[in-house]
There are 2 protein chains.
Amino acid sequence: MSTETRAVDAGGPGAGGPIRVAQVEIRPSEGLALVAGRAVSLSVRELELLSALALRSGHVVARDELFSDVWGGPLRSGDRSIDVYVHKVRQKLEAASPGWSFIHTHIGFGYRFAPEPMA
Amino acid sequence: MSTETRAVDAGGPGAGGPIRVAQVEIRPSEGLALVAGRAVSLSVRELELLSALALRSGHVVARDELFSDVWGGPLRSGDRSIDVYVHKVRQKLEAASPGWSFIHTHIGFGYRFAPEPMA
DNA sequence: ACACGTGTTCACACCCCGTTCACCGGCCGT
DNA sequence: ACGGCCGGTGAACGGGGTGTGAACACGTGT
């Protein structure tokens, strides 16, 4: 009933299979994402970040967890890479689908991926 | 067996497992609450307050008890933090589920959590 | 050597959080 | 009707987390 466990179709855990959440489809093997039918080209890091979030769609992913997932190590204090990349991905996604927000900040916790119309 | 002891599914006493009461689901570990399917982002304090109330759903929780649960100390006379945070949480919950009230005041005693349609 | 894309770091601006204050209204005893 | 206590509600404040543009370093292809 809840929005929590959405329709997330992943090819597998570590596999590069496409991930689909609402109007967003991610193709790790091709280095691109489709948002509302529009193609969005993403760099490696950007795509890994988006995938890590989309695989837990509807759930808040902690910053440390997110960092170790994408960067593969513990989050050093002062490292702002996550913020910068969240910003980059947000830009590209929202540019492809204006009026929608995809990555939501939960201060003190982390980020949550969920396509929602902007307030 | 009246309405007091409702269906409260907690992962455990001190655990961070999800709490569910009627159309409200609280995820302390994620800093997130779901109300009628809508995601409500809550701050740390807000979430702790809501959790403390929801874990005793249907029962009146005294102000001192509530304060020591959330703030972890005795309630100093003149401290209005509880009032302010009850207000904040009420706002967010009712914004996500208009026409319903969740936190009820029992003057001189405390607060009671129970989803009820507004009069 | 140069242009380009990527990933990291920096610096500054901004906003949110938690607390406290101020003011208001309702309820109760006198 | 008064004054007291209690709770509702908006706003101000300092501190810290986050947003965001730019500079920088590195690798690659031309």
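Colleague: Which residue in β3(B) is the bridge partner of B:Ile26?
Modeller: In β3(B), B:Ala33 is the bridge partner of B:Ile26. The model is predicted: local features require pLDDT of at least 70, side-chain atom pairs count only at pLDDT 80 or more, and totals for chains, interfaces and linings use all residues. Residues are numbered from 1 along each chain as its sequence is written, chains are lettered from A and ligands numbered from 1 in the order in which they are written, and side-chain values use heavy atoms, with hydrogens and water left out.

Colleague: What makes β2(B) and β3(B) a pair?
Modeller: Two strands pair if DSSP finds at least two bridges between them. Strand β2 (residues 24–27) of chain B is joined to β3(B) by four bridges, so the two strands pair, and they run antiparallel. Strands here are DSSP runs of E with at least two residues, helices are runs of H or I with at least four residues, and both are numbered from the N terminus. Four residues lie between β2(B) and β3(B) in their hairpin, where B:Gly31 has a positive phi near 65 degrees.

Colleague: Why are both faces of β3(B) called covered?
Modeller: Buried means under 20% relative accessible area, exposed over 50%, and partly exposed in between, with a 1.4 Å probe and protein chains only. In strand β3 (residues 32–35) of chain B, B:Leu32 and B:Leu34 on one side are buried, as are B:Ala33 and B:Val35 on the other; both faces are therefore covered.

Colleague: Why are β5 and β6 of chain B placed at the edges of their sheet?
Modeller: Three strands of chain B form an open, antiparallel sheet in the order β5-β7-β6. β5 (60–62) and β6 (100–106) of chain B each have a single partner strand, so one side of each is without a neighbour in the sheet. Between β6(B) and β7 (residues 110–117) of chain B there are six bridges, and B:Trp100 stands opposite B:Pro117 in β7(B).

Colleague: How do you know that α1(B) packs on this sheet?
Modeller: Contact means heavy atoms within 4.5 Å. α1(B) touches β5, β6 and β7 of chain B, and its direction makes about 80 degrees with that of β7(B). Such angles run from 0 to 180 degrees between N-to-C directions, with axes fitted to C-alpha atoms, for helices over the stretch in contact.

Colleague: Which residues come nearest to DNA strand C?
Modeller: A residue is near a strand if one of its heavy atoms lies within 4 Å of it. Of the 22 residues around DNA strand C, A:Ser43, A:Trp71, B:Ser43, B:Trp71 and B:Tyr85 come nearest. Sugar and phosphate make up 72% of the atoms of DNA strand C that come within 4 Å of the protein.

Colleague: What makes the approach of B:Ser43 to DNA strand C a polar contact?
Modeller: A polar contact is a pair of N or O atoms within 3.5 Å; within protein, one must be able to donate a hydrogen and the other to accept it, and residues adjacent in sequence count only if both atoms are side-chain atoms. An N or O atom in the side chain of B:Ser43 is 2.3 Å from a phosphate oxygen of DNA strand C, so the pair qualifies.
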